[in-house]
Each structure stands twice: as structure tokens, then as C-alpha cells.
Amino acid sequence: MGLDQLPRPSTKAPKVAAGLIAFAVVLLAAGSYIGLFRAPPEHFMGEVQRIMYVHVPTAWNALLAFTFAFVCSVAFLFRQNWKWDARLEAGLEVGVLLAFLLCVQGSIWAKPTWGVWWDWDPRLTTTAVMLFAFVGILALRRFVEDPVKRATWSAVATIIAYADVPIVYYSVRWWNSLHQTQSSPQTVASTMVTPLRINAFGILFLVSGLLVLRSQLAQRRLVRELAPPLPERSVSDAVVGGAA
């Protein structure tokens, strides 16, 4: 990889990210208001079901963030361009954040409905495996100082860890699980579909803004790491420069 492949941080990226995050806040406020105050409570679970309006969109976007990281890993290995490593780092961190929130929200929902905070059923177990696998890749990136080894090893590890993502999605269909199977607009009341979709797009725009910001930070760090060192000044040069 040559220096000509160094990423070039964009001056417009912060404004783009701010616009995406602002739009996400508006959507999430609207979706949460409808979900909390306008949509009816679910027949069997009652008011606790309303956590669905953040839990399900968080799950969708966590899987999307890890898919983004997977695509960036493949692109880095084939294109050998540092901008894909920066994007991979952003996708990993945002995906881990969403997966952690997904587990917390799921536990809050599980306690009043299942009677336990956690159960090692197929969906929850595969989700925990997914979270810890990607946390491990972030730890790998933290401890490897060589940028080339860090980028290559984490790209390969991400591709391997991503094998668990479709297993998470299909686990409720393949095995007996406490977790319900995926719903569809045909199986959910229209009054519940609207806030669910609004919040899903809200989190999607929020994730997009965070990815833009985080990848820009990673690109700036890569530029500092990969830039050639400044030539050392000799003592005589320093004396001459100081005298001038």
C-alpha cells in the first residue's frame, strides 16, 4: 500500500453528518411520540410492548452496521485502500454499540414477559456471540500498532465473525426459541407499523451520521500514522535557524 492511497478527510463530512443526525432526531422524536402515546398497547403484553419501537429498529440497524463492516473488509482486502479500513473501524464500533443496546433492551423486555433478564436460547446466545466476537475485533485493533497488520487482520476477522450475523437472523426459524419469529406488516397492526418504520429510519439516519463522523476520525488518525516522518534537523541547522 502506497502513500498515494492515504485517505483524504473531507471538509464537508461534518456538515453532512450533522444534517443526518438532526434529521434522525426529528424522526426518532416523531416515532417515539406515536409509539408511546398514539399506538394502542399490545393485547397480551400490554404497555411493556412499546419497547418494540426501539428494540426492533436497533436490531435491524445493528445487523446493517455489521454488514457494512463486512463489505468494508472485503473491499479493503481487494482494493488495498485505507479509506475502507477507516470505514471498517466505524462500522465495527457503531455495530457493537447497537448490539450492546440491543441486548440491554431485550433484557428489559424479557424480564416482565419471560420472567428472567436473560435466557441462553438460540436467538440470545447467537446475539451474545456476535457482540463478543466484534468486541474482540475492536480489541485486536486496539492492541496491534502496525497499521497494515491491524487493517488486514481485522478485515479477515470481521469476515469470519460475520458468519454469525445471518445465524442470528435465522436462529428463531431454525431452532425452538423463546424469542418470537420475525413479524411482517401483515401480522402487525398498522397503528404499530407506522412508529416502527419511522424509528427504523430514524436510527438508520443516526447510524449513517455516526459512520460518517467516525470514519473521518479514523482517516485523520491513519494520515498521522502513515505520513512520512519529518527530517531531523542537525544541531548546526538549529543554531543557524535560531540565529536567523
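This is a predicted model: local features need pLDDT of at least 70, side-chain atom pairs count only at pLDDT 80 or more; totals for chains, interfaces and linings use all residues.
Residues are numbered from 1 along each chain as its sequence is written, and side-chain values use heavy atoms, with hydrogens and water left out.

Helices here are DSSP runs of H or I with at least four residues, strands are runs of E with at least two, and both are numbered from the N terminus. H1 covers residues 13-38, which makes 26 residues, and it reaches 36 Å from its first C-alpha to its last, close to the 38 Å expected at 1.5 Å a residue. That expected span is 1.5 Å times one less than the number of residues. The buried residues of H1 are Ala13, Ala17, Leu20, Ala24, Leu27, Gly31 and Gly35. Buried means under 20% relative accessible area, exposed means over 50%, and partly exposed lies in between, with a 1.4 Å probe and protein chains only. An α-helix has 3.6 residues a turn, so residues three or four places apart point the same way. The buried residues of H1 pack against helix H2 (52-79) and helix H7 (190-226). Gly19 is also found in H1, but it counts as partly exposed because its relative accessibility is 40%. Gly19 and Gly209 are 190 residues apart in sequence, yet their C-alpha atoms lie 7.8 Å apart in space.

The segment before H1 contains Pro7. This residue counts as buried because its relative accessible area is 6%. Leaving out residues up to four places away in sequence, Pro7 touches Trp82, Lys83, Gln219, Leu222 and Val223, where contact means heavy atoms within 4.5 Å. From C-alpha to C-alpha, Pro7 and Ala218 are 9.4 Å apart, although 211 residues separate them in sequence.

The largest pocket has a volume of about 1,200 Å³. On a 1 Å grid over the protein atoms alone, a cavity is a set of points where a 1.4 Å probe fits but cannot get out, whereas a pocket is an open set with protein on both sides within 12 Å along at least five of seven lines; lining residues have an atom within 4 Å of a point. Grid points are joined across faces, edges and corners, and the volume is the space filled by probe spheres set on the points. The lining of the largest pocket consists of 44 residues, and His55, Val56, Trp109, His179 and Gln180 lie nearest its centre. Two or more lining residues come from each of H2, helix H3 (82-114), helix H4 (122-143), helix H6 (164-174) and H7. By class, the lining has 27 nonpolar, 14 polar and three charged residues. Ala, Val, Leu, Ile, Met, Phe, Trp, Tyr, Cys and Pro count as nonpolar, Asp, Glu, Lys and Arg as charged, and the others, Gly among them, as polar.

A nonpolar core is a set of buried Ala, Val, Leu, Ile, Met, Phe, Trp, Tyr and Cys residues joined through side-chain atoms within 4.5 Å. The largest such core has 27 residues, of which Phe66, Met130, Phe134 and Val165 touch the most other members. H2, H3, H4, helix H5 (147-161), H6 and H7 each give two or more residues to this core, and H3 gives the most, with eight. Apart from its neighbours within four places in sequence, Val165 is in contact with Leu63, Phe66, Met130 and Phe134. A second, separate core of ten residues includes Ala39, Tyr53, Val56 and Val193.

Some single residues complete the picture. Val168 is found in H6 and counts as buried because its relative accessibility is 5%. Beyond residues up to four places away in sequence, Val168 touches Arg123, Thr126, Thr127 and Met130. Asp85, in H3, counts as buried because its relative accessibility is 1%. With residues up to four places away again not counted, Asp85 touches Phe76, Arg141, Ala151, Ser154 and Leu222.

Gln80 lies in the loop between H2 and H3, and its phi is near 55°, a positive value in a residue other than glycine. Most residues other than glycine have a negative phi. Gly115 lies in the loop between H3 and H4, and its C-alpha is separated by 47 Å from that of Pro147, 32 residues apart along the chain.
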